[in-house]
Structures are given as C-alpha cells and as structure tokens.
Amino acid sequence: MTAAAPPPGALQAPLVVEFPFTRSLGPVQSAFLTGLRERTVLGVRTEAGGVLVPPVEYDPVTAAELRELVEVAATGTVTTWAWNPEPRPGQPLATPFAWVLVRLDGADTALLHALDVPGPEAVRTGLRVRIRWAAERAGAITDIACFEPYESSPQDDTTPHDGRFEEPVTGIVAPARLDYTYSPGRAQTRYLHGLAERRTVGERCPSCAKVYVPPRGACPTCGVATTDQVEVGPRGTVTTFCIVNIKAKNLDIEVPYVYAHIALDGAGLALHGRIAGIPYDEVRMGLRVEPVWSEDGRYPDHYRPTGEPDADYDTYKELL
Amino acid sequence: MSRDVAIVAFAQSDHRRHTDDLSEVEMVMPVLHEVQRQTGLKAADIGFTCSGSSDYLAGRAFSFTMALDGVGAWPPISESHVEADGAWALYEAWVKLLTGEADTALVYSYGKSSPGSVRDVLTRQLDPYYLAPLWPDSVALAALQAQALIDAGETDEPALAAIAARSREDARTNPHAQLPGARPQGGYAVQPLRTGDCPPVGDGVAAVILAAGDRARELCERPAWIRGMDHRIEAHSLGVRDLTDSPSTRLAAERAGAFERPVDTAELHAPFTSQEVVLRKALGLDDSVTVNPSGGALAANPVMAAGLIRLGEAAARIHRGESDRALAHATSGPCLQQNLVAVLEGETHAR
C-alpha cells in the first residue's frame, strides 16, 4: 500500500461525440422547409395578424395552433448584424462573413443566417439583402446558402399559400459532431498507469476501508476522496455471470461466450470481464480465475480458470 | 403554510481555464466538503440534494451520477438533478423546503468546459430545425444582441469596455476569479464584441446549503433569507424577441418582489458586457446599487455554475454584513433567453 501521489502526467486522449438526430416536422415546418427546396419562402400568420418567418407551429405569444401560411419575398432588411472574422466548423460560409437577422419583405419577424460581404464596412442595420439559394436543396434551413446585398424597395405584400408541394419533406436528419480532449482525472490516471505495467491498482476509502477497482476518486458511500493505492488480484473469483448469445457488432468473439463479474482478491467490489479457456456451460459462481493479457493489450483480454478449488460462497457473497 | 428559507453557506472552487488533472468528482468534492464544514452538516444530515450540470460540456454521458459519488449518497438520499445552471437546482430545492418535506438542502453545480469547445457545444441547445444546422456560436449570438443595443443608442463600445474593466477590477478582491484585474479589450471576437467583452472559458464548481426557519439560524449567524424567487422564459426564436430588452427578467423580478424596496447589491449573470446593459435596464438598477462586486461572469464563467455563484455571492455578502438586501440573477440560453431572479435579505438586528 502506498500513499496516492499525483500522477506523473495527466493522461489525455481525443474523444469524438457524434450523433445524427432524426427529427420529424410539424405541418408548418414541413411546408416551410419543403418551400425552401422550391425557392419559396413561407411564413405563418399569428392570431394577432403578424407574419412569423421562420414560421412555427404554435403562436409564441398565445400558444394557439398556427396554420395560415403565406408566401413572403426572398428580399429583406438586416435588423442586426455581427461580423464573424473566423468562421467555425459547420457555419454557412468558410470565408469571413456577417451573421445577420433579416426581416424578409412581408414578414414581421427576423430570420438568422449568414450574409456574404467582403468586410464589416459593407454591413449595416437597414441594409437591403436577398437570399442566395444553395445549388442543391434538400428541404433544410441550409437550402438558403446565405444572404447577399441587393438593392430593392421593400414590398410588404404577402400571398396566401396552401403549403402543398410535391413530395413534401417530413423530417430532417441533423448530424452533430463535437470534439473533446478527454482527461480521466487523478485516480483513473493512477489506475491506467498501473494497468500499463499489468498491475491492477485500486484505491481505499479512508473512512470505510472499501477498495474500489477501478477507482474513480471518491467513495460513493462516504463522499470522501479515496487516499491509498492498493494492488489487488491478479487472481479473483467469479461472483456472477451470463452467457452471451448475440454477436456484438465489430467484436471478433464467437458466441456463445461468458461475461462475468469478477472480484479480484483484495477488491471491495467486482469488475467485469470475459471468461475463456473453459467451456461456456462449465463457468460457475465461485470459479477462480486469472487475467490473460494479449501481446500489447492495455487491459486483460479475458480471464481463465486458475485450477484452484472454487471459492466458498461466504467469501464473496458481499461482493455480488 | 409559509416558511422562511435561507442560504446559510456558500463555497466555490478557484475557476481555472483547464483542470486536466481532475475528474469532475475530484473537482466537485472539495467544494462540497467546504459547505459541509461551514455548517457542520454531514451528508446524512441533509434533507434534499439537487445538482445542476450538462453532459455536453465535457462530453461525458450521465456525468452527474459520477459527480454524485462525491456527496456520499449511501444509504440512499433524496436527490434530484437539473440539466441547467445550478440556480435552477436551487429553485427546485427552495420549493422542496417550502413544502416542508425537508429542512435543509445541498445544492451544487459544476462545469468542465475545458475538454470541449464551449462556443460550439452551446449551439446544440438551439432550435434544431432553423438554428442548430447553422452552428451559430454563443459569441456570435451575443454579438447580434450587442449590435442591436448599439443601433438603439443604448450603449457603445467604450461603455462596454468600461463594464469589462470595472468587473475585472472588482474581481481583484475575489480569490476565486479566473480573470482578476482589468486587461486590454483585445481585438474583435465577433464584432462588435471584443475579447474583453466575452467571459473567460473555464472550469469550476459552486455549492450552497439552504435551511428553513430556526434551522437556518442555528447553522448561520446571519442567514440570507430568500424573500422571493421566480424564473421566466422568452420565445425561443431570436427574431421574435426584442434583443435590447429582457421582459422575462423584469417579470421574474416583479414576482420575486424585487421592486417592492430598493436593493443595495445586485449579482447579475451577464456573461457578456452588453448583457449587463440589458439587465440594468430591465431591473431598473441605478448607480446606488453595487453591481457584481465579485466581478461577475466576466471574471469567471464556469458554465452551469455561474448562475448559482451569483446567488452564492449575494448571500455571502449578506452573511458578512456587507449587504442587507441583494438581488441575484441567473440566465440560461442565448441572448438572456431564460432568467431567474431572487431577492435575499439579512435581518438588521443580527450583525
């Protein structure tokens, strides 16, 4: 047992979180996004008579269901702006541009998008602009590539629109990717450094003396930092197990195989791992096992029987 | 039944740009221990626990369950979590105490923004149909609001720079601040906002303890009594809102009783200088009110904790006898979309 010292260097690794959300559209959103595909901009009339662009399903003031669609112009006026000198990933333009809120002619509210101008001196509130359509349109807000300056007289006329188009868009897929640099913290860094030397090092709670493997830095029972490192195992006892019959995607292991909870000797709780080197239907509670490392593995590939007699139930019943 | 509930303890971490050496629970635990130390309460003595955080900041699913390890949640405690700033966790705990179901509550929140890019992460809270596909980052949206204020004649760049300088000068006396002391405004991040108009990106933690009635008097020499608290939200479409005003803040303040008598102190959660202009207007604060003596979010802005810190800083001034009646404000969402206002008071006889 040694006092837990800060790790020699914080470990870090890239972590990418990526998720494509599939979202269904209400009737108003469907008409609006399908309209963009057809280079038609639709708004919705509120109970008070104003026109919302972009349109929503429910009145933001009264919460009434809104269905009365109108077509507005592709020209409009900048109501506020902000110059973006360094576009970020995913933003509408890759070159410096102005973020703008634009009130399209015929609308009473403003839509957020990008304005393609050479510099901030070319933008002002009140600037007249028009939509630059994307060459390929699919029924999404990005069917508007951006806005561009365009001198024209404001025209506040709107035309009723039934919102019907051939092959309406009923949903969108919104991909999102966020990049992180993961760092595991002090306790898990110590644990990972131990694993690199093929040692399993838990941490003991100074209050209740339980040894956590893997350690996460705190004793969840006592709410205090775990303080002392304790090497456990390498041998352990199967406390419970299941037989896996479904082949996991991207996993090169033949089914059926056994996945088990294993209480390493000296640990205060079980960790989990695969059992091999024994027919799957001979694995049992109390089976004594030891880790098997693959050549360059960072953690045990699996556990195999040691050949020792099975452990008494009383020795591991608190660890189930 | 009516009960008086007070903030009786407040603690926060030193806010840092990076905390690569710490997991979230390792970052949270010392702050939890500090509020326990201040009150002498242990986990088992606390009636209700509520936390606020967001998994998106550090990219760790269900990270709040790991942070809960730092509380000591066994045997099982009465516990809740909000995917929001800890100010809203405090609101939930306050309601819990008002019902009489608990006499004490622990409220904490944390944000570890350093593993990701918080400007981009925050785009994921926006309207998924019309806004999120454009990835408009948090600075860009605040800049649109700032330009609207400049166009309306409500402020200008020198006035914004003065807010930045005052906030960070005041933060010199705040040992937890990430940016103590005035510094150059720097170039434009997104025009008209300069780097100096923007909050620092950082990691941090805050915790408070609430107690009701006589329990509060036992735990704290001068409790910061919550006289009222309310939160309100505006339409989510930015183009529908008047970005130069904050009617939701004004309404929350009215419902919290902020306008019944003047306050001497206000801790405003204004991550951008321009947002202080909006909040001062919405709350009708004049120069007699000390605004953000802690330095505010311009000096330290751990996302998900910065709002709770406003409540904690206001309460701590009452605890120390430096304020008798303080307003605390927290915000969430782009351009001050959602706002919470609390009014805190100290009893005059107990100095």
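Let's start inside chain A of this predicted model, where Val28(A), Gln29(A), Ser30(A), Ala31(A), Phe32(A), Leu33(A), Thr34(A), Gly35(A) and Leu36(A) are the buried residues of helix 1. Helix 1 of chain A spans residues 27–37, and because 9 of its 11 residues are buried, the helix is largely enclosed by the rest of the structure. What do the buried residues of helix 1 of chain A pack against? Their partners are three strands of chain A: strand 3 (41–45), strand 5 (69–72) and strand 10 (144–149). If you follow the backbone past helix 1 of chain A, you come to Arg39(A), which has a positive phi, near 60 degrees.

Now step back to look at the whole of chain A. Its domain assignment gives domain 1 as 1–20 + 182–229, domain 2 as 26–169 and domain 3 as 233–320. Between the C-alpha centres of domain 1 and domain 2 of chain A there are 51 Å.

Two packed helices are described by the angle between their axes and the distance between the axes. For helix 6 (residues 138–151) and helix 10 (residues 273–283) of chain B, the angle is about 55 degrees and the axes are 9 Å apart. That angle is why helix 6 of chain B counts as oblique to helix 10 of chain B.

Conventions
Residues numbered from 1 in each chain as written. Chains lettered and ligands numbered in written order. Predicted model: local features only at pLDDT ≥ 70, side-chain atom pairs only at ≥ 80, totals over all residues. Axes fitted to C-alpha atoms, helices over the stretch in contact; angles between N-to-C directions. Helix = DSSP H or I, 4+ residues; strand = E, 2+ residues; numbered from the N terminus. Parallel < 35°, antiparallel > 145°, perpendicular 65-115°, else oblique. Domains from an automatic or database assignment. Buried ≥ 20, exposed ≤ 12 C-beta atoms within 10 Å, placed from the backbone. Contact = placed C-beta atoms within 7 Å.
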